[in-house]
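Hello! I am handing over the structure we talked about, so please open it next to this email. My notes on it follow below.

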Amino acid sequence: MCSLCGVGCRLEPGDPPRARGVAGPANPNGRLCQKGVRAFESPENRLERPLVRRGGELTPVSWATAYDRVVESFREILASGGPDALAFLGAPHSTNEENYLLQKLARILGTNNVDNRSRLCHVSTARALSERVGWPATTNSLSSLPDADVIVVAGANPAERQPIAFNSFIRPAVNDGTTLVHVDPAGNRTTRLADIHVKPRPGTDALLFDLLSARIHADERGVDRTFVDERTSGYEGFAASLGDIASDETLLAAGVEETSVERVADLIADANRVAGLVGTGIEGSPGDANASAALLNLLLLTGNVGRSGTGLYILRGLANEQGATDAGCVPDKLPGHQPVTDSAARARVAAEWGTTPPSDPGTHAKDMLTSFGDGIRGALAVGENPAISKRDPDWVRQQLDALDTLVVVDVMSNETTQHADVVLPAMTGAEKEGTVTNLERRVQRLQQVQTPPERARSDFEILSDIGARVTDRPDEFDYASVADVFDELSRVAPTHVGMSYDEIGREGSQWPVDCGDVLYRDEFETADSRARFGSAQPLISPGSDDGFWLVTGGRMSEFHDDASSGDPTLRINPTDARELGVDPGATVDVSSDGTAVRTRVQLDDGIRCGAVYLPANVADPLLRHGATTVSVALPSAERDRPERRNGDESAGAERCGK
């Protein structure tokens, strides 16, 4: 399986080092994207030997010596600070089995301080799905998208981020008559295929979806009353909250035209099947707004869950984002998304492990970093690089250095290994076996097709070795193969019941096994088997007129550069650029609170007025300081040119009507 994104394409070795596509559920034509073709390329700065810090320098050592250092350090921390003085960070680059072993190690030691970054990527969407319908996962298979009459893509760019899925399922659907609505303040490759591009102010997607629900509810034409009455709860409260929406105020706050809202509302009302696809662009809305929850309300209102061509899709970016969370590598959930506070769930795990996991939720990754050197004194990072957290880089480095012991398991040296006390060389996905779970809940097997460096080991081997040495339950980490770990996961996790490693075929297997390609056909995974409506989101202030809203693209795998975001330009609406006195191709400084990046200007009328777009790698210094709005200006030397002194470069954003 390709390990570079969450689509789950099948591949095989081609002309070295290139890969060749093999037809599968995610890539039915056997095609690969530019990243997938490079899936077998070895990453730079490859780690090949265990390293231990001595005298301030990382020194090559034997595996036995490295393990001894880990065991000695962790046992000392456990003795003096207790289990919660340790932190465990997993990653979507690791397999299901490896993430399962990491959380098992943490919990057998007595702490729920285990997390992975994929939990944060789509936290609002996962929460809405979990609380309202059952599982924090995509509801339908990609193959059901061509059955949709309308596809709404919000805060995502699948044409660029998940190109094989886009070209295999969305593009054919649109070519066959499906209407594509793209909701994003910045136009991109997905917009090119869209029939309608709605450009709300950044962070106001929830208001837009509530406006759509309010319009549909008002004339009742698109409300599926049979579905609502028989399969949902909370409708009356939701309907009442829609009645409180002041349309003009909400339109102003969202920054969208009434005609656009009416057009999209009519399309959804008239459609028999509507699917919603969301990315990280709708996460992090101001206040309590949850855009995915608002979109889910809209889908429930119109009866668009539980059938082919409907439902809510999470466009996950990395290979095993879904699987890392499924495996329980999160601070508040056991494997299979069972709350750690649920006594029955803990008993289920205890029956398998012989040890009851702790009942208090652990610390989230963001708060772990804050506690490094204080409450948390030791950390094990497996495939994770916390040094590139979106925080002040000097502060992050200080926190990493404050730990008594930092152990890093990774494929290559990176910003975090520079602060590590022990570094253990791992294998890539092409060098080991195991399973990963793609964005449509499909569990797929990896096969070893490359030979790893002689001294590298898989995360499975490393975690089994550490668990056997540092815990008082070495038998719990005595596995003959990754198949044994997966089968244990299937006994512990309700999502995976009935799955067997040896029975996962070439096509993979979706969880739960009795539901397959479409979840919730007959009932929802809630206490009363009904989906729950929420309320309309609170009105969000349009915000300050100071500066431009910053919109950024996502990141690709750390293993390979993002070829699709190789253009490091600032995209800005021509009206904004003209009012700022900035010409196409001009060099500008994009700044916020003393932090600035220098880039060149590209005019793009697909960007809404009052917003600018930067690739994530260019915007990184701004994002690390929490910037949501930025100033755009010519460098001082350019501004001081005589022919520019008479221009007013400060009021452009306000005049553009952002």
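Which residue in β19 stands opposite Val 436? It is Gln 444. Before more of that, a word on the source: this is a predicted model, in which local features need pLDDT of at least 70 and side-chain atom pairs count only at pLDDT 80 or more, while totals for chains, interfaces and linings use all residues. Residues are numbered from 1 along each chain as its sequence is written, and side-chain values use heavy atoms, with hydrogens and water left out.

Now the sheet. Its 3 strands are ordered β18-β19-β20, with antiparallel pairing, and the sheet is open. (Strands are DSSP runs of E, at least two residues, and helices are runs of H or I, at least four, numbered from the N terminus; two strands pair if DSSP finds at least two bridges between them.) β18 (434-437) and β20 (509-510) are at the edges with a single partner strand each, so one side of each has no neighbour in the sheet. Between β18 and β19 (residues 442-446) there are 4 bridges.

Helix α3 packs on this sheet, touching β18 and β19 (contact means heavy atoms within 4.5 Å). The direction of α3 makes about 95 degrees with that of β18.

α3 (residues 96-109) also packs with α20 (residues 482-492), at about 65 degrees and with axes 9 Å apart. (Axes are lines fitted to C-alpha atoms, for helices over the stretch in contact; angles run from 0 to 180 degrees between N-to-C directions.) Among the residues that meet are Tyr 100 and Leu 101 in α3, and Phe 486 and Leu 489 in α20.

Enjoy exploring!
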